[in-house]
Amino acid sequence: MQFKAIFIDIDDTLLDYIPCCREAFDYALRSISQCAISDQKRTDDELFALFFEISGRLFSEAKHGLHTIGEVMELYPAEFCARAGFPDVSVEPFKHSFRAAWGQTHTLVHGAKELLTYLRAKGYRLFAASNSFGHLQRSRLEKAGILSYFEDTYISMDIGYDKPDIRFFEEALRRCGLQANEVVMIGDSMTADILGAQNAGISAIFFDRENGKSPTTGDQSLITIHSLSELEGLL
């Protein structure tokens, strides 16, 4: 495969989303512990499961155009606090604490740094492509020790559009000065990363970390990998 540049998703492609999410959640939960109602019987694990279900559903709906990422960032703290039985005054402290902690999380997916080292040695231009707040994602990449691998970071709240919106990818191409056929997108989301990139004319490689997601693009030629190390035989 001959490309000049690679767009790479961040969460669940380079950084391990679940442990990062749990770390930020635990910090945010401690920040509102004084707001806990007296009959709160759920364990921290049960509360995290509730939070993860809510945030996962809302982010999935955002990928289908039902919300913007900015709206999701406001919706999930409010829904979580309401369903968990915390008072309304806990919503803002929880939201701000979670965001602050999220910017510090940096657990790497296995093989991520090795892959970036390999790709840079091969001469590829590397760009991070993610749905989130730019300053938070750049902070996480820096703390993980991988920000310097990227020529630039294309983050939805900076770009003005969320993946899979074709305008996200068009703006990313404009900023890096490349044509769609010169770039490949690597990501774990069939909707946001794969379909989004393909709709913009960009080739894509699906990172199936769960080893069982069903590709739904109808493209029988779509390359699927189950570990980042597999890319060394492809790129």
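Select Gly201. This glycine counts as partly exposed because its relative accessibility is 47%; buried means under 20% relative accessible area, exposed over 50%, and partly exposed in between, with a 1.4 Å probe and protein chains only. A word on the source: this is a predicted model, where local features need pLDDT of at least 70, side-chain atom pairs count only at pLDDT 80 or more, and totals for chains, interfaces and linings use all residues. Residues are numbered from 1 along each chain as its sequence is written, and side-chain values use heavy atoms, with hydrogens and water left out.

**Around Gly201**

Stay on Gly201. It lies in the loop between α9 and β5. Helices (H or I, at least four residues) and strands (E, at least two) are DSSP runs, numbered from the N terminus. Check the backbone: just after α9, Gly201 takes a positive phi of about 85°. Which residues does Gly201 contact, leaving aside neighbours within four places in sequence? They are Ala180 and Asn181; contact means heavy atoms within 4.5 Å.

**Helix α9**

Step back to α9, residues 190–199. Of its 10 residues, 7 are buried, so the helix is mostly covered. Select Met190, Thr191, Ala192, Asp193, Ile194, Gly196 and Ala197 to see the buried set. Their packing partners are α2, α8 (166–176), β4 (183–187) and β5 (203–207).

**The largest pocket**

Next, select Asp12, Tyr17, Phe59, Lys63 and Asp188. Of the 38 lining residues of the largest pocket, these lie nearest its centre. α1 (17–31), α2 (44–63), α3 (69–84), α4 (91–102) and α9 each give two or more residues to that lining. Colour α2: its 8 residues are the largest share. The volume is about 930 Å³.

How is the pocket defined? On a 1 Å grid over the protein atoms alone, a cavity is a set of points where a 1.4 Å probe fits but cannot get out; a pocket is an open set with protein on both sides within 12 Å along at least five of seven lines, and lining residues have an atom within 4 Å of a point. Grid points are joined across faces, edges and corners, and the volume is the space filled by probe spheres set on the points.

Colour the lining by type: 17 nonpolar, 10 polar and 11 charged. Here Ala, Val, Leu, Ile, Met, Phe, Trp, Tyr, Cys and Pro count as nonpolar, Asp, Glu, Lys and Arg as charged, and the others, Gly among them, as polar.

**Two backbone stops**

Return to Asp12, in the loop between β1 (5–8) and α1. Its phi is near 65°, a positive value in a residue other than glycine. Then jump to Pro164, in the loop between α7 (156–159) and α8. A cis peptide bond joins Lys163 to Pro164, with omega about 15°.

**Cys81**

Select Cys81 in helix α3. Is Cys81 buried or exposed? It is buried, at 0% relative accessible area. Beyond residues up to four places away in sequence, Cys81 touches Phe86, Ser90, Val91 and Phe94.

**Zoom out**

Show the whole chain: 9 helices and 6 strands. Of its 235 residues, 51% count as buried. The C-alpha atoms fill a box of roughly 60 × 35 × 35 Å along the principal axes.
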